[in-house]
Amino acid sequence: MILLRRVIGDALRARRQGQQRTLREVSTAANVSLGYLSEIERGHKEPSSELLAAICDALGARLSELLREVSDTVALAEQMPGVLVSMQDEPADAAAAPKSTSRGVRQVTSDGKVAVSVRQDSPLKATLRSSRVRPTERDRDVVCAA
């Protein structure tokens, strides 16, 4: 199961770190406590729409951009086998089965814009991490040549 608060937290943290800003700077600009912002970024707390808008404003981002990014991440994760269903419902075929690690089952996928990693800890608990895929030099050359 995907926890929306974790995906939102990852997206906020990625934007903040991409700007090389500290939690303190953003929490002050958004008028939210540093500890609460930290909990939001770690996916432990779910922000209200008003608070999410204030954090986006402090990051210089539009709320719609953040929600679109979160939506893209969730949509990509939904396409991964076993993310939204119990692991007992997965095929027994070893070739089709995701990699198993000491922490649980791990899957990674990308659509070229977003990379999603899912660690299935139990049938009802999954940890989802997403990141923006940065174009390589070769990809930039192809885009420029087109």
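This is a predicted model: local features need pLDDT of at least 70, side-chain atom pairs count only at pLDDT 80 or more; totals for chains, interfaces and linings use all residues.

Modeller: Residues are numbered from 1 along each chain as its sequence is written, and side-chain values use heavy atoms, with hydrogens and water left out.

Colleague: Why is Arg-16 called buried?

Modeller: Buried means under 20% relative accessible area, exposed means over 50%, and partly exposed lies in between, with a 1.4 Å probe and protein chains only. Arg-16 has a relative accessible area of 9%, so Arg-16 is buried. This residue is found in helix α1, where Arg-6, Val-7, Ile-8 and Leu-12 are among the other buried residues.

Colleague: And why does Ser-33 count as partly exposed?

Modeller: Ser-33 counts as partly exposed because its relative accessibility is 45%. Ser-33 sits in the loop between α2 (23-30) and α3 (34-41).

Colleague: What makes α1 a helix here, and how does its reach compare with the one expected?

Modeller: Helices are DSSP runs of H or I with at least four residues, numbered from the N terminus. Helix α1 covers residues 4-18, which is 15 residues. The expected span is 1.5 Å times one less than the number of residues. For α1 that gives 21 Å, and the reach from first C-alpha to last is 21 Å, close to the expected value. α5 has 16 residues and reaches 22 Å, close to the 22 Å expected.

Colleague: Which residues does Arg-16 contact?

Modeller: Contact means heavy atoms within 4.5 Å. Leaving aside neighbours within four places in sequence, Arg-16 is in contact with Arg-21, Thr-22, Leu-23, Val-26, Glu-41 and Leu-59. Val-26, with residues up to four places away not counted, touches Arg-16, Arg-21, Leu-37, Ile-55, Ala-58 and Leu-59.

Colleague: What makes a set of residues a nonpolar core?

Modeller: The members must be buried Ala, Val, Leu, Ile, Met, Phe, Trp, Tyr or Cys residues joined through side-chain atoms within 4.5 Å. The largest such core has 18 residues, and Leu-12, Val-26, Ile-55, Leu-66 and Val-70 have the most contacts inside it. Each of α1, α2, α3, α4 (49-58) and α5 (63-78) supplies at least two residues of this core, and the largest share, 5 residues, comes from α4. In soluble globular proteins, nonpolar side chains tend to be buried together.

Colleague: How do you know that the buried residues of α4 line one face?

Modeller: The buried residues of α4 are Leu-51, Leu-52, Ile-55, Cys-56 and Ala-58. Seen down the axis of α4, they fall within an arc of 160 degrees, so they line one face of the helix. The arc is taken from the directions from the helix axis to the C-beta atoms. On the other side of α4, Ser-49, Glu-50 and Asp-57 are exposed. The buried residues of α4 pack against α1, α2, α3 and α5.

Colleague: Why are α2 and α3 called roughly perpendicular?

Modeller: Angles under 35 degrees count as roughly parallel, over 145 as roughly antiparallel, 65 to 115 as roughly perpendicular and the rest as oblique. The axes of α2 and α3 cross at roughly 110 degrees and come within 9 Å, and the two helices are therefore roughly perpendicular to each other. Leu-23, Arg-24, Val-26 and Ser-27 of α2 make the contact with Leu-34, Leu-37, Ser-38 and Glu-41 of α3. Axes are lines fitted to C-alpha atoms, for helices over the stretch in contact, and angles run from 0 to 180 degrees between N-to-C directions.
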